[in-house]
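Please open the model in a viewer in which residue ranges can be selected by number. The stops below are meant to be followed in order.

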Amino acid sequence: MNKKIIVIGIALMMVGLLLVGCGGGGESGKQANTDGTYNIKIGSPLVESHPGHKGFLKFKELVEKESNGKIKVEIFPNGVLGGDRELTEAVQLGTVTMTLSSTSPVANFEKSFYLFDLPFLFPDRETAYQVLDGPLGQKLLDNLSSQGIKGLGYWENGFRHITNSKHPIKKLEDLQGLKLRTMENKLHIAAWKQLGANPTPMAFGELFTALQQRTVDGQENPLALIDSNKFYEVQDYLTLSGHVYTPFVIMMNNDFFNSLPQDLQQVVLDAVKEAGEYQRNLMKEQEDDSLQVIKDAGVEVYELSKDEKDRMIKALEPVYDEGAKIIGDRKLIDQLMAEVEKYSK
Ligand code: TK8
């Protein structure tokens, strides 16, 4: 083989290695475009009026600015690419780069996330933020790597409240036999069974139609979702129970994240954090407006009394034991309880 062909061969190999190199870290840089830029494709289960979508818009603005255009972000909202489970699976596969999901369905992928489904765990959102943004929250994000997912942080879904179309829920007995849609999460199902309801696990995207057709009597979600997804159009009663605080976990395909150069990895992490603070503030600012929208739609609103909350917590004691069994890590539960105790002072 003549010398010229060998030289060309070596040169082409060098160019190839250079391209992989500028594609950034990770095992192959296979995620970079030929011009060295990166595309983040976000799939979101939320409608565009929800603060979670506005959080993604803020993320896009920050990442495109701070990366000087090296990263381009495209957002697909309204569940067009699927709901929590499908989007989590798509992020594992890499067909979607990034998503958010309530932590409850994610517990089916990584069981330590069941921690956040323990009823009446967080007394207020500030305590939730401290725990989520602290060492325990980070540990759970790191646990996702075994699923091919880079856990990037937590935004707010919020404290969950009960709506239904049958009758006011003012006391524990009013839950008896109520057909209540739950998230696909065995701790939620166990809790509502224990309280005497008739829980039906269902993907979020099917919920409005199920309520409209009376396939289920009720559901439970934070006010922002009851408002943004117009559940007030097909529900007559709301009980402010705040029985669980659900975080959104922000997830990215692990290979993609590792393929980014260190500086762009930091840009992504910083943007998730800053967009998260922005989203949490929007949730706080809009809460009263959402409640007013629900009231103006003619929904009767009731507040669960402290006594009735205490009765529910007492009735739910076996569910805490079930949760400990499912999570299977007593140390983790003890750490969670200690952090809740520490931050809720
Ligand atoms: C949105 C869901 C929703 C959750 C539910 O996709 O399913 O009730 O609260 O936020 O994650």
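Predicted model: local features only at pLDDT ≥ 70, side-chain atom pairs only at ≥ 80, totals over all residues.

Residues are numbered from 1 along each chain as its sequence is written, and side-chain values use heavy atoms, with hydrogens and water left out.

**Domains**

Colour residues 25–157 + 247–287 as domain 1 and residues 161–245 + 289–336 as domain 2; such bounds come from an automatic or database domain assignment. The C-alpha centres of domain 1 and domain 2 are 25 Å apart. Across the boundary, 38 residues of domain 1 are in contact with 35 residues of domain 2, contact meaning heavy atoms within 4.5 Å.

**Nonpolar cores**

Next, select Phe113, Leu115, Phe116 and Leu175, which touch the most other members of the largest nonpolar core, a set of 49 residues. A nonpolar core joins buried Ala, Val, Leu, Ile, Met, Phe, Trp, Tyr and Cys residues through side-chain atoms within 4.5 Å; buried means under 20% relative accessible area, exposed over 50% and partly exposed in between (1.4 Å probe, protein chains only). Among the elements that each supply at least two residues of this core are helix H3 (84–93), helix H5 (125–132), strand S4 and strand S10. Helices (H or I, at least four residues) and strands (E, at least two) are DSSP runs, numbered from the N terminus. Because domain 1 and domain 2 both give residues to this core, it lies between them.

Centre on Leu115. Not counting residues up to four places away in sequence, Leu115 touches Leu121, Leu136, Leu140, Ile327, Leu332, Ile333 and Leu336. Another core, of 44 residues, lies apart from the largest one and includes Ala210, Leu238, Phe256 and Ala275.

**Aromatic rings**

How many aromatic pairs does the structure hold? There are 8 aromatic pairs, where rings of Phe, Tyr and Trp (its six-membered ring) pair if their centres lie within 6.5 Å, with planes under 30 degrees apart counted as stacked, over 60 as edge-to-face and the rest as tilted. Phe116 and Phe122 make a tilted pair, at 6.2 Å centre to centre and 35 degrees between the planes, and both residues are buried. Phe159 and Tyr245 make an edge-to-face pair, at 5.1 Å and 70 degrees. This pair links distant parts of the chain, since Phe159 is in S4 (residues 149–159) and Tyr245 in S10 (residues 245–253), 86 residues apart. Tyr245 counts as buried because its relative accessibility is 3%. Select Phe113, Phe116, Phe122, Tyr154, Phe159 and Tyr245 together to display a cluster linked by ring pairs.

**Helix H2**

Now select residues 51–66, helix H2. Its buried residues include Pro51, His53, Phe56, Lys58 and Leu62. The buried residues of H2 pack against strand S1 (38–43), strand S2 (71–76), strand S3 (98–102), S4 and helix H11 (262–296). After H2 comes Asn68, whose phi is positive, near 50 degrees.

**His50**

Finish at His50, in the loop between S1 and H2. Is His50 buried or exposed? His50 counts as buried because its relative accessibility is 0%. Not counting residues up to four places away in sequence, His50 touches Ala224, Leu225, Ser228, Phe248, Gln279 and Met283.

Key
Expected span 1.5 Å × (residues − 1).
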